Amino acid sequence: MIETAKLDGRRNYKVIDGRLCELVSFTNTCSGCCELSDGHNIYGYPYDEKAGCIIGSGCEECGYTGKRRQTYWIPILFKKVRS
Ligand SMILES: [Zn+2]
């Protein structure tokens with residue numbers, strides 16, 4: 001059973017497998033057109049400070065922007081209270 005609940009106006013929540021998850025979205029480097037060597041930008045791709053990621057050379061996958069908007073459902077981990 002999947003329920004969608006709006007706990008506040010800004011964030012999206014959904015219960016997946018009995019766990020409350022939050023929709024998190026961010027802009028990330030397009031893996032289709034940006035080649036990194038062990039995470040190092042050896043080919044000198046431009047860095048987009050606003051998006052916080054490296055911009056690839058552009059391909060069909062990302063619509064030639066070099067970056068992609070990604071969204072994930074992340075389970076919210078509740079802190080355990082220890083006495
Ligand atoms: Zn791309």
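Read along the sequence, the protein chain of this predicted model shows the pattern β-β-β-β-β-β. That is six strands and zero helices, where helices (H or I, at least four residues) and strands (E, at least two) are DSSP runs numbered from the N terminus. Residue numbers start from 1 along each chain as its sequence is written. Because the model is predicted, local features need pLDDT of at least 70 and side-chain atom pairs count only at pLDDT 80 or more, while totals for chains, interfaces and linings use all residues.

Strand β2 (residues 13-16) and β3 run antiparallel and are joined by four bridges; two strands pair if DSSP finds at least two bridges between them. Tyr13 has Glu22 in β3 as its bridge partner. The hairpin of β2 and β3 has two residues between the strands, and Asp17 takes a positive phi near 50° there.

Cys34 counts as buried because it has 21 C-beta neighbours inside 10 Å. The cut-offs are 20 or more other C-beta atoms within 10 Å for buried, 12 or fewer for exposed, and partly exposed in between, with C-beta atoms placed from the backbone. Of the 83 residues in the protein chain, 11% are buried.

Leaving aside residues up to four places away in sequence, Cys34 touches Thr29, Tyr45, Ile54, Gly56 and Gly66; a contact means C-beta atoms, placed from the backbone, within 7 Å. Cys59 is 25 residues from Cys34 in sequence, and their C-alpha atoms are 9.3 Å apart. Across the protein chain, 54% of contacts between residues at least 6 apart in sequence join residues at least 24 apart.

Conventions
Two residues are in contact if their C-beta atoms, placed from the backbone, lie within 7 Å.
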